[in-house]
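Subject: Structure for your files, with notes

Dear colleague,

Here is the structure I said I would pass on. My notes follow below it.

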Amino acid sequence: MNRLTAVSPAPHPLSEDDESLWRTATEVLDANWRTDHTVPSGTLYPHQWSWDSAFISIGLAHIAPDRAWRDLRSLFEAQWPDGRVPHIVFDLGVAERDYFPGPDFWDVPAMSGRPPRFSTGLVQPPAHALAAWEVYRRAPGDASAEELRRLYPRLVALQDYLIGARGVSGTGLASIVHPWESGLDNSPSWDMALANVTADEDLLIRYERQDLKRAAADHRPTNDDYARYIAIAATYRNGGYSDADLVDRHLFVVECPAYNSLLGAAEHALARIAAVVGADPAPHRDRAATITRSIVERLYDPESGTFRSLDLKTGRLSTQRCVNGLFPLILGDLPRDIVAQVVAEAESARFGINELMPIPSSDRTADSFDANRYWRGPVWINANWLLARGLAAHGYAGHAATLRTAMLDLVRRSGYYEYFHPITGDGIGAGAFSWTAALVLDMLAEVGPRIGDPGTTRMSRTR
C-alpha cells in the first residue's frame, strides 16, 4: 500500500499528550489509505466518500501532501460529464454484499471511459474547493500550484452543476434531492420533508441493510427513515438521474443552509485559487455574494435567530433547530447582526458552546433529540471544525479556541470515532474514522486563532 515509513513531525513543538494524538491520527490515516484514496473507515465505509475526501485531504496536507492531492484527484476522476461529483466512488474490488446500497443498486452507466456502476448518482456538500485551497496553503510550492491548475476547471464544473442544474429556485442556491446529499443524513432538519414520503418497509426485505451488521441499530437511522431513503434514491435513479422538473416529479427537494454555506465558501476559495492559476476571481466573488444574500433572504428565520432548511415542494421552512442552521457562520460576508444572533443560538442551552463538549448535531432541548442516533444529537468533529473556523473569521476567537480544545480533549479521551455521545463523550459509530483523525492533525498544527475563508478580519471577541 506504499505505507508511510515514518510519522511526519508537527510543524511546531507539541506537548507529550498532543504528540501522542499526532502519531495516532497519522496511523489512522495511514491504515485507511487504499492505493489512490482514503476510505472513511476500514469496516463500515469501504469506498471513497466525497466530502470525507475533502476533510481528509486537509489533514493529509500536514503529513503527506502527495496523498492529499491524490485523494482529491481520485475523487474528481469520477466526475460526471455534467459536472457532478458522486457522493460515493466505488472500489470495484469490494464485494456488493459488503456495502448497501452498492454499485448494482445505483446502476450508473459507463461514461467517460469508466466502467459501469462505478459511482452513485448523488452528490455531497461541495467542500472540495475549500479543501484544495487549504492543502495549497499548508503545502505551497510549484507542485501544489500545478495541482490547483489541474483541479480548478473541475471544481468550477461542480459549482456550475450545483448552481445550474440543481438551482431549482433560480436564486443561486443549490437543492439537494436526498438527505444523503446533505452529509447530515438523518437530521431532524429533514423530518417535515420526509413526512410526505411513504415508509415502505417491504423495501428493506428486498434490499437488506448492511450497516446494522457493523453498527448498533440505535446509533443508526431507523428502518422507517431508511425505507424512505431507498425510495427517494430509487426514484432519482429510475428517472435517469435527471434534474429536470424536480419539484414536480421528485419526492425530496430541499435547500439546506449547511450545503449552501459550503457552496458559498467554495466560491470564496475558488476566487483565491483563481488568483494562483491565472483565472479571473471576480465571477467567484460575485457568485459568493449572491449565495450569501440568498441564504439570508430564503433560509434565515429571524424569530429563532438561526437558519432553517426549506422544503421546495411545500415552501415551508423546517421547524427544527439543527447544527446546519449554524453553518452560515463559515461565510465571512454574513451580516454582522445575523452573525451575533447565530452565535447567541450557539451559546444557548440548545447547543451550548462550553469547554466540556463540542456542539451537538441538533437542539439538546427538543423532543427530536437523540443522543445516540447519528445526526439527531451526537457530536461530529467536522461540523465543529467548520464552526470553529467561522467563529474565528467573525472575531469570536474565544469561542473558536473553546471548540478546538473541546474537540481535542474529546478525541484524546474517547478515540477517533465517527461521532460522539453529546453528554458522556463516548465514541459512537465507526472507529478509526479518517476525517476525525485528519481534522485532529489540522487542529494540532494550528498556532493561535486561524481566520477562515473568505478571510474578513474583525476585532476579536472572547465573550
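Ala432 is partly exposed, at 39% relative accessibility; here buried means under 20% relative accessible area, exposed over 50%, and partly exposed in between, with a 1.4 Å probe and protein chains only. Ala432 sits in the loop between β9 (427-428) and α17 (434-445), and its phi is near 45 degrees, a positive value in a residue other than glycine. Helices (H or I, at least four residues) and strands (E, at least two) are DSSP runs, numbered from the N terminus.

This is a predicted model, in which local features need pLDDT of at least 70 and side-chain atom pairs count only at pLDDT 80 or more, while totals for chains, interfaces and linings use all residues. Residues are numbered from 1 along each chain as its sequence is written, and side-chain values use heavy atoms, with hydrogens and water left out.

Other backbone points

Ser112 also has a positive phi, of about 50 degrees, although it is not a glycine. Ser112 belongs to the loop between α4 and α5 (128-138) and is exposed, at 56% relative accessibility. The peptide bond from Phe100 to Pro101 is cis, with omega near -5 degrees. Pro101 is placed in the loop between β2 (88-89) and α4 (103-106).

Salt bridges

How many salt bridges does the structure hold? The count is 28, where a salt bridge is a side-chain nitrogen of Lys or Arg within 4 Å of a carboxyl oxygen of Asp or Glu.

- Asp36 and Arg70 form a salt bridge through their side chains, at 3.7 Å from N to O. Because Asp36 lies in the loop between α1 (16-31) and β1 (48-49) and Arg70 in helix α3 (residues 65-76), the pair ties together parts that are 34 residues apart in sequence. Asp36 is partly exposed, with a relative accessible area of 22%.
- Asp160 and Arg287 form a salt bridge at 3.0 Å, N to O. This pair links distant parts of the chain, with Asp160 in helix α6 (residues 142-164) and Arg287 in helix α13 (residues 282-299), 127 residues apart. Asp160 is partly exposed at 39% relative accessible area, and Arg287 is partly exposed at 24%.
- Asp191 and Arg376 form a salt bridge at 2.8 Å, N to O. Here too distant parts of the chain are linked: Asp191 is in helix α8 (residues 191-194) and Arg376 in the loop between α14 (336-347) and α15 (381-393), 185 residues apart. Asp191 is partly exposed at 27% relative accessibility, whereas Arg376 is buried at 12%.

The network of salt bridges joins Asp82, Arg84, Arg166, Glu181 and Asp243.

Surface charge

Which residues gather in a patch of negative charge on the surface? They are Asp200, Glu201, Asp202 and Asp224. Patches are made of residues with over 30% relative accessible area and no salt bridge, with like charges joined within 9 Å and nonpolar side chains (Val, Leu, Ile, Met, Phe, Trp, Tyr) within 5 Å. Lys and Arg count as positive and Asp and Glu as negative, without His and the chain ends; the place of a charge is NZ of Lys, CZ of Arg, CG of Asp or CD of Glu. Accessible areas come from the Shrake-Rupley method with a 1.4 Å probe, and for residues only the protein chains shown count as cover.

Cysteines

A disulfide is taken as a pair of cysteine sulfur atoms within 2.5 Å, and by this rule the count is zero. Cys256 is in no disulfide, and the nearest cysteine sulfur, that of Cys322, is 9.4 Å away. Cys322 is likewise in no disulfide, its nearest cysteine sulfur being that of Cys256. Cys256 is buried at 1% relative accessibility, and Cys322 is buried with a relative accessible area of 2%.

A contact across the sequence

Asp66 is in helix α3 and is exposed, with a relative accessible area of 55%. The C-alpha atoms of Asp66 and Ala143 are separated by 9.1 Å, and the two residues are 77 residues apart along the chain.

Regards
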